[in-house]
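Here is a short briefing to read alongside the model. Please take a look at the fold first, and then walk through the points below.

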Amino acid sequence: MIKLGIILGSTRPGRNGEQVAKWVYDIASRRSDADFELVDLLDYPLPHLDEPLPPSFGNYQNEHTKQWASKIASFDGFVIVTPEYNHGTSGVLKNAIDYLYAEWNNKAVGFVSYGAVGGARAAEHLRLVAGELGRRAPTGGAVAADRV
Ligand SMILES: Cc1cc2nc3c(=O)[nH]c(=O)nc-3n(C[C@H](O)[C@H](O)[C@H](O)COP(=O)(O)O)c2cc1C
C-alpha cells in the first residue's frame, strides 16, 4: 500500500495549522487505496541545521537527523500543509526539508497552504524547493485556505 505523510509545517503555539492538517488527514483517510500518517514537526524537534556534511552526501551524524530521515524515508509521497509567513513557507518547515535529500527525491508532493490570503505564495515557494529536491510537484495540486 502506498504510504503518504501529511506534514504539519507550523510549530507555533496556538497554530492554526493543526486544525488544517487534521482536516486534511480526515479527508485523506477516507481513501482505501493509500495509508496516511500525520507528521507533526513538534514531534521532530530539529535545531537549525547542524549536520557538518551536505545532506546530499547522505552521511548523517546526529541522532535527531537519523530519526527524521528514517521517518521521511518511510513515505512514498507527501502532502505538505504550510502556513504563509512573510510570503514564504515557515522557517521550521524549510529547516526540516533542508536536513535531508535522498529521502525526498523522486516522490510525489502536493501542498495545502493557508494564511491571511490563502497562503498561495508559500505553496509557490515550496514548489521551487521541491524542484531542487527532485520531487514531482503537481502543477495543479495545491489547495489554499483563506483567513485562518
Ligand atoms: C511571522 C508571520 C508572518 C506572516 N506573514 C503572512 C503573509 O505574508 N501572508 C499571509 O497571508 N499571512 C501571513 N501571516 C498569517 C499566517 O499565515 C496565519 O496567521 C497562519 O495562521 C499562520 O499559521 P500557524 O497559525 O499554523 O502558525 C503571517 C503570520 C506570521 C506569524
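Let's start in the sheet: strand S1 and strand S3 (residues 77-83) pair in the parallel sense, with five bridges between them. Do keep in mind that this is a predicted model. The protein chain holds four helices and five strands, and the order from the N terminus is β-α-β-α-β-α-β-α-β.

**Overall shape and packing**

- The C-alpha trace of the protein chain spans about 40 × 35 × 30 Å along its principal axes.
- A compact globule of 148 residues would have a radius of gyration near 15 Å, and the protein chain, with 14 Å, agrees with that.
- Buried residues account for 34% of the 148 residues in the protein chain.
- Of the contacts in the protein chain with a separation of 6 or more, 79% are between residues 24 or more positions apart.

**Around the ligand**

- Which residues are closest to the ligand? They are Ser10, Gly17, Pro83, Gly115 and Ala116, out of 14 residues that surround it.
- Sorted by class, the shell around the ligand consists of five nonpolar, six polar and three charged residues.

- Asn86 is not a glycine, yet its phi is positive, at about 50°.
- Asn86 sits in the loop between S3 and helix H3 (91-98).
- Is Asn86 buried or exposed? Asn86 is exposed, because there are 9 other C-beta atoms within 10 Å, and a count of 12 or fewer is the cut-off for exposed.
- Asn106, likewise a residue other than glycine, has a positive phi near 55°.
- The loop between H3 and strand S4 (108-115) is where Asn106 is found.
- Asn106 has 11 C-beta neighbours inside 10 Å, so it counts as exposed.

How values were computed: Residues are numbered from 1 along each chain as its sequence is written. This is a predicted model: local features need pLDDT of at least 70, side-chain atom pairs count only at pLDDT 80 or more; totals for chains, interfaces and linings use all residues. Two strands pair if DSSP finds at least two bridges between them. Helices (H or I, at least four residues) and strands (E, at least two) are DSSP runs, numbered from the N terminus. A residue is near a molecule or strand if its C-beta atom, placed from the backbone, lies within 6 Å of it. Ala, Val, Leu, Ile, Met, Phe, Trp, Tyr, Cys and Pro count as nonpolar, Asp, Glu, Lys and Arg as charged, and the others, Gly among them, as polar. The radius of gyration is taken over C-alpha atoms; the globule rule is 2.2 Å times the number of residues to the power 0.38. A residue is buried if 20 or more other C-beta atoms lie within 10 Å of its own, exposed if 12 or fewer, and partly exposed in between; C-beta atoms are placed from the backbone. Two residues are in contact if their C-beta atoms, placed from the backbone, lie within 7 Å.
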